[in-house]
Amino acid sequence: MDKKGVGITITQHLLMEERQNPEATGAFTYLLNELIVAAKVISWEVNKAGLGDILGSTGEINVQQERVQKLDVFSNRVIIERMQHIGQLCCMGSEEVAELIDIPSQYPKGNYILLFDPLDGSSNIDVNVSIGTIFGIYRKVSDETDVDFLLTDALQPGIKQVAAGYFIYGSSTIMVYTTGNGVNGFTLYPSVGEFLLSHENIRIPEKGKIYSLNEGNYQYWDEDTKALVDYFKQKDKTTGRPYTSRYVGSLVADFHRNLLKGGIFMYPADLKDPKKPTGKLRLMVEANPLAMVVREAGGYASDGKGPILEIQPTDLHQRVPLYIGSKEDVETAEAFLSGERRV
Ligand code: P6P
């Protein structure tokens, strides 16, 4: 909060952005505000998780073949129940649910599609490492209303997102989002129950000094990937190398640090799991939303060959290699991964 004890609330900021958009109807502001309510509920639960019995896994396995943590289930349910009644969505897609999620018939449908990862980084829940919610919002392109015919509307390239962002539940709860007019961050003041503007007009440094990836996968990478990672570790003062290695193992935490400080996050394709030949991260609910945020902050996101945002999706849960962060560093990654560069 500023010295007068108040700050710009997220609602104020959304309304200011809405007033700048002549076509705005308020539907979008309403949608984001409801998502914020869901995030406040999740934040509350995450921050007291150590006190209740909500830690640990439910024992189920989700569509990603990952052990479902109780907070995953809770977060997924909170977002679905919060968002389904607002009359702004025609359907939703969740990392936790195999198929598109319909809007129950008792609620009106709208023209937006919400795709989200309800609680990313769930493997870190029990060890008190930051975790988060990632979201992307699209406008429906067809006249369809039946969820069985809305998959084409959901599988639009990331460049078509009208908004994207994430919440981090860590030492504080922070929301970072963009509607295509720059990137702003808001910190939740629990005493006030409001997100207040704390990171105005975030810009990522053109080039960083941090590289982030799980080096335990080294033996599963191809030679171009190994050469790229070795490059960031070699000593060369003129290019500020070796870079510092920072890896939390929670995408939102690793991404957020690099967004503010500069650097590159990488999750390469690896041969570790034949069922996941294109890496672990999901295009629709992880890569695309963060790719929009980083582009609006002056950075870049690639699958190693080209822009994440230009990939034409073929499946709601498809996975992609992800190289995201400072533009110059991601372009270096593309040069190595194409075999053009070795030094
Ligand atoms: P690894 C968390 O489970 C997650 O989906 C991302 O948040 C994170 O970046 C990645 O997986 C970590 O994967 O293989 O390094 O443990």
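How many helices and strands are there in the protein chain? There are eight helices and 14 strands, where helices (H or I, at least four residues) and strands (E, at least two) are DSSP runs, numbered from the N terminus. This is a predicted model, in which local features need pLDDT of at least 70 and side-chain atom pairs count only at pLDDT 80 or more, while totals for chains, interfaces and linings use all residues. Residues are numbered from 1 along each chain as its sequence is written, and side-chain values use heavy atoms, with hydrogens and water left out.

I turn to the chain as a whole. Its C-alpha trace spans about 60 × 50 × 45 Å along the principal axes. Of the 343 residues, 57% are buried, meaning under 20% relative accessible area with a 1.4 Å probe, protein chains only. Among contacts (heavy atoms within 4.5 Å) between residues at least 6 apart in sequence, 63% join residues at least 24 apart.

The axes of α5 (residues 223-233) and α8 (residues 327-337) come within 8 Å and cross at roughly 140°; axes are lines fitted to C-alpha atoms over the stretch in contact, and angles run from 0 to 180 degrees between N-to-C directions. The two helices are therefore oblique to each other, as angles under 35 degrees count as roughly parallel, over 145 as roughly antiparallel, 65 to 115 as roughly perpendicular and the rest as oblique.

Which residues meet? D224, T225, A227, L228, Y231 and F232 in α5 meet D329, T332, A333, F336 and L337 in α8.

Key
Buried means under 20% relative accessible area, exposed over 50%, partly exposed in between (1.4 Å probe, protein chains only).
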